[in-house]
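I opened this one up to see what could be read from it. My notes follow, in the order I looked things up.

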Amino acid sequence: MTKLEQTYEAIEMLKNLGLPVSSEQLEMIAELEENKIEKEIVGAVKKTIEQKTNSFTTAFKLEVYYDPEIGVSVNHVKKQPRQNTGKGTSRPRTHKLRVSFPDGTVIEEPRVSNTLARCIKKIGWCEVQDLNIRVSGMNLVVNELNPNPTYRRAQIEIDNGVYVNTGSNTDVKLEQLKRISNSLKLNLKIEKVPIN
């Protein structure tokens, strides 16, 4: 039995006994899972893709997303025309998210990242943090800025020293909000709407 499997078993035992699972234990699982992703899963996926594409002449990009409740989704990222903004090039935004709460509140920001952050702030970041939804190996809601500038740029502060990791595409954010709604029984209506 691997260390990761032993940790899963220990946490399951604590849950069955009605005992709390500490944040340190959750962090240990996240670290062990991150190591498994880097050492085993990435290599296995790379090998499979290489076997299937050894005669390809065109470059392409795939996005792989895994959620314990939803499973695995693999998307082909199609090339999109670039827009000249005067500050380099950027991919045009085609969709945004509209989130409707049972109390009548509707959150629909021009940027999907801001919609996600505002929703988490309204729901209560502690409850969302406890769900331990992972983004690039990190909790969706964290209490510190990431030392890596790439990840830090994707963090939005929603409370004093509390940040949402928004480094994912619109479809992933949509699934994250669905998971939050289902797990916390919020009955949110979450829509992906085109930008006019």
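**Confidence.** What pLDDT does the protein average, and what share of the residues score at least 70? I found an average of 84, with 92% of the residues at 70 or above; pLDDT is the predictor's confidence in each residue, from 0 to 100. This is a predicted model, so local features need a pLDDT of at least 70 and side-chain atom pairs count only at 80 or more, while totals for chains, interfaces and linings use all residues. Residues are numbered from 1 along each chain as its sequence is written, and side-chain values use heavy atoms, with hydrogens and water left out.

I then went to residues 85–89, where pLDDT stays under 50. The model has four contacts beyond four places in sequence for that stretch (contact means heavy atoms within 4.5 Å). Where pLDDT is low, the predicted coordinates should not be read in detail.

**Overall.** I noted six helices and twelve strands; these are DSSP runs, H or I of at least four residues for helices and E of at least two for strands, numbered from the N terminus. The C-alpha atoms fill a box of roughly 55 × 50 × 30 Å along the principal axes. Of the 196 residues, 30% are buried (buried is under 20% relative accessible area, exposed over 50%, partly exposed in between, with a 1.4 Å probe and protein chains only).

**Helix α6.** I checked the length of α6, residues 170–183. Its 14 residues at 1.5 Å each should span 20 Å, and the end C-alpha atoms are 20 Å apart, so the two agree; the expected span is 1.5 Å times one less than the number of residues.

Which residues of α6 are buried? I listed V172, K173, L174, Q176, L177, R179, I180 and S181. They pack against β1 (61–67), β5 (95–100), α3 (112–123), α4 (125–130), β7 (134–135) and β12 (189–194).

I picked out Q176, which counts as buried because its relative accessible area is 1%. Beyond four places in sequence, Q176 touches Y65, L116, I133, V135, L140 and S168.

At the N-terminal end of α6, N169 is the cap, with a side-chain oxygen 3.1 Å from the backbone nitrogen of D171. Just after the helix, K185 has a positive phi of about 55 degrees. K185 sits in the loop between α6 and β12 and is exposed, because its relative accessible area is 73%.

**Another positive phi.** N132 also turned up, with phi near 55 degrees in a residue other than glycine. N132 lies in the loop between α4 and β7. Most residues other than glycine have a negative phi.

**P110.** I found P110 in the loop between β6 (106–107) and α3. P110 counts as exposed because its relative accessibility is 58%. Leaving aside neighbours within four places, P110 is in contact with R93 and K96.

**Largest pocket.** I read off a volume of about 1,700 Å³. Of its 49 lining residues, I37, Y66, D67, P68 and R134 are the closest to the centre. Helix α2 gives the largest share of the lining, ten residues. A pocket here is an open set of points on a 1 Å grid over the protein atoms alone where a 1.4 Å probe fits, with protein on both sides within 12 Å along at least five of seven lines; lining residues have an atom within 4 Å of a point. The volume is the space filled by probe spheres set on the points, which are joined across faces, edges and corners.

Conventions
Polar contact = N/O pair within 3.5 Å; in protein donor to acceptor, adjacent residues only side chain to side chain.
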